[in-house]
Amino acid sequence: MSTSTATSPTLRRSISNTLKGSAGNLVEWYDVYVYSVFATYFESQFFAADEKNSSIYIWAIFAVTFLMRPIGSWFFGRFADRHGRRLSLTVSVSLMAACSILIALAPTAESIGVGAVVILVFARLLQGFATGGEYGTSATYMSETAISGHRGFLSSFHYVTLVGGHVLAQLTLMIMVLTLPEAAIASWGWRVAFVIGGAGALVVIWLRRTMDETLETATLEAVRSGASRESGSMRELLVHQWRPLLTCFLVTAGGTVAFYTYSVTGPSIVKSAFAGSDVLAGTVINLIALTILMLLQPLGGWISDRVGRKSLLVFFGIGGVLYTWVLLTQLPQQQNPIIAFTLLVVGFIILTGYTSINAVVKAELFPTHIRALGVGFGYALANSAFGGTAPLLYQAAGETDRVTWFIVYVTAVIAVSLLVYIFVLKNKSSNWLDDEAGMRSRVRGASAARAGEIADTASARA
């Protein structure tokens with residue numbers, strides 16, 4: 001049975017598939033970030049006015065959705081490895097959009113009491129489920145559809161659109177700040193923001209109809225006939241692919257905690273710092289800084305195609321270990337827009353060492369028949385444990401004057417990943433994306449050698 005991907009496309013076709021694949025990623029991550037960007041406006045709609053812990057609760061809901069990501073990554077990863085990347089991506093974006101519309105139409109706590117929070121949590125849990133599927137499958141698809149020699153550059157658009165979703169959410173807020181009174185945004189403006197995400201998905205569903213499928217027809221037929229039982233199998237992942245799965249988890253841990261600390265908590269700090277003096281200034285700072293982060297991704301991917309992925313990850317790891325303290329101690333004190341902007345951008349430059357190439361680095365770890373599940377599940381476990389909890393932990397640390405503990409925690413997680421970047425990963429070595437046949441041969445050779453050693457040991461004992 002063939003488990004290789006379909007024949008490599010031309011550069012033009014590869015770019016076309018990249019754009020179509022990343023469009024859905026843009027919409028899904030807009031739906032993720034519109035929650036964090038508008039949280040301070042709609043929390044009063046879901047909690048009573050006298051609830052002192054509403055901010056903690058609203059970020060707890062943000063964090064708890066990450067518990068669904070491993071489940072979503074398992075479901076959609078298995079689906080993508082067995083039935084194709086394109087169909088999996090279409091289903092996940094449809095589910096994400098439906099939940100955004102549900103949140104937009106949800107009644108308030110004043111209308112139905114605690115039922116409002118129940119609806120919000122339910123919708124966000126389903127969105128976490130969908131996002132878990134989108135990340136692994138889209139990272140896999142965009143890495144597979146990219147042509148060799150340009151994989152870093154083309155797959156970097158995975159994070160261009162991921163960050164782009166955050167940029168669009170910030171832009172939506174800025175337009176509302178410029179055109180609406182704050183009371184209107186809190187009353188109904190946030191609902192419009194969620195509707196935009198739902199509507200955008202309709203365009204994506206239409207675009208994804210013409211995407212190329214990267215799995216070979218023979219592979220899909222083998223799954224349908226029952227000849228392939230390894231494709232998308234959790235047993236295959238945990239028994240035979242546990243080493244790349246562990247590597248994927250550890251590569252992601254430091255990157256995801258840094259990403260949510262720098263690109264979600266960082267802008268939230270800026271928003272709070274300028275809330276009393278100039279709300280628009282804080283919004284503009286965040287929008288421009290996040291746009292720069294978005295535009296840095298192709299540059300990072302292009303550099304990795306020339307110097308190797310490991311070099312960029314080590315740059316990120318060292319930078320993250322040294323800079324997290326600076327960012328989280330200096331940013332909350334700033335009233336100067338230029339200094340606040342500079343602090344964010346420096347953090348984003350460091351972060352690019354991870355974000356621009358993390359999709360292709362993980363995709364290179366796994367063979368085709370288990371790639372979507374491996375990439376998605378490894379990412380989702382680390383993302384749930386370290387990424388989605390970061391804004392909540394920072395919020396809790398800030399209210400108990402223990403921000404230093406949070407800084408130490410983030411720095412330590414990044415440091416662990418840095419050790420993996422240095423001692424486990426290799427620069428420009430053979431990988432499953434570029435040379436699957438060669439990797440299978442190496443695996444068979446290693447297995448035969450281990451079997452021979454075991455036989456020799458048994459003979460010696462006899």
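**Figure 1. Contact of helices H6 and H8 in the predicted model.** The axes of helix H6 (residues 115–145) and helix H8 (residues 157–179) cross at roughly 140 degrees and come within 9 Å of each other. H6 is therefore oblique to H8. From H6, the contact is made by Tyr 135, Ser 138, Ala 139 and Met 142, and from H8 by Phe 157, His 158 and Tyr 159. Sorted by class, the residues in the contact of H6 with H8 comprise five nonpolar and two polar ones, with no charged residues.

**Figure 2. An aromatic cluster that includes Tyr 159.** Tyr 159, shown above as part of the contact of H8 with H6, also belongs to one aromatic cluster, together with Tyr 35, Phe 42, Phe 46, Trp 59, Phe 62, Phe 66, Trp 190, Phe 194, Phe 259 and Tyr 260. One of these residues, Tyr 35, has Arg 124 over the face of its ring, at 4.2 Å from the ring centre.

**Figure 3. The aromatic pair of Trp 59 and Phe 62.** The structure holds 29 aromatic pairs. Among them is the pair of Trp 59 and Phe 62, whose geometry is edge-to-face, with 5.4 Å centre to centre and 75 degrees between the planes. Trp 59 counts as buried because its relative accessibility is 9%, under the 20% limit. Phe 62, at 0% relative accessibility, likewise counts as buried.

**Figure 4. The aromatic pair of Phe 75 and Phe 79.** The ring centres of Phe 75 and Phe 79 are 6.3 Å apart and the ring planes are at 20 degrees, so the pair is stacked; planes count as stacked when they are under 30 degrees apart. Phe 75 and Phe 79 are four residues apart in helix H3 (residues 69–83), and about one helical turn therefore separates them. Phe 75 has a relative accessible area of 36% and is partly exposed. Phe 79, with a relative accessible area of 22%, is also partly exposed.

**Figure 5. The charged end of Arg 402 over the ring of Trp 405.** In this view, the charged end of Arg 402 sits over the ring of Trp 405, at 4.9 Å from the centre of that ring.

Methods: Residues are numbered from 1 along each chain as its sequence is written. This is a predicted model: local features need pLDDT of at least 70, side-chain atom pairs count only at pLDDT 80 or more; totals for chains, interfaces and linings use all residues. Side-chain values use heavy atoms; hydrogens and water are left out. Rings of Phe, Tyr and Trp (its six-membered ring) pair if their centres lie within 6.5 Å; planes under 30 degrees apart count as stacked, over 60 as edge-to-face and the rest as tilted. Buried means under 20% relative accessible area, exposed over 50%, partly exposed in between (1.4 Å probe, protein chains only). Helices (H or I, at least four residues) and strands (E, at least two) are DSSP runs, numbered from the N terminus. A charge sits over a ring if NZ of Lys or CZ of Arg is within 6 Å of the ring centre and within 35 degrees of the ring normal. Axes are lines fitted to C-alpha atoms, for helices over the stretch in contact, and angles run from 0 to 180 degrees between N-to-C directions. Angles under 35 degrees count as roughly parallel, over 145 as roughly antiparallel, 65 to 115 as roughly perpendicular and the rest as oblique. Contact means heavy atoms within 4.5 Å. Ala, Val, Leu, Ile, Met, Phe, Trp, Tyr, Cys and Pro count as nonpolar, Asp, Glu, Lys and Arg as charged, and the others, Gly among them, as polar.
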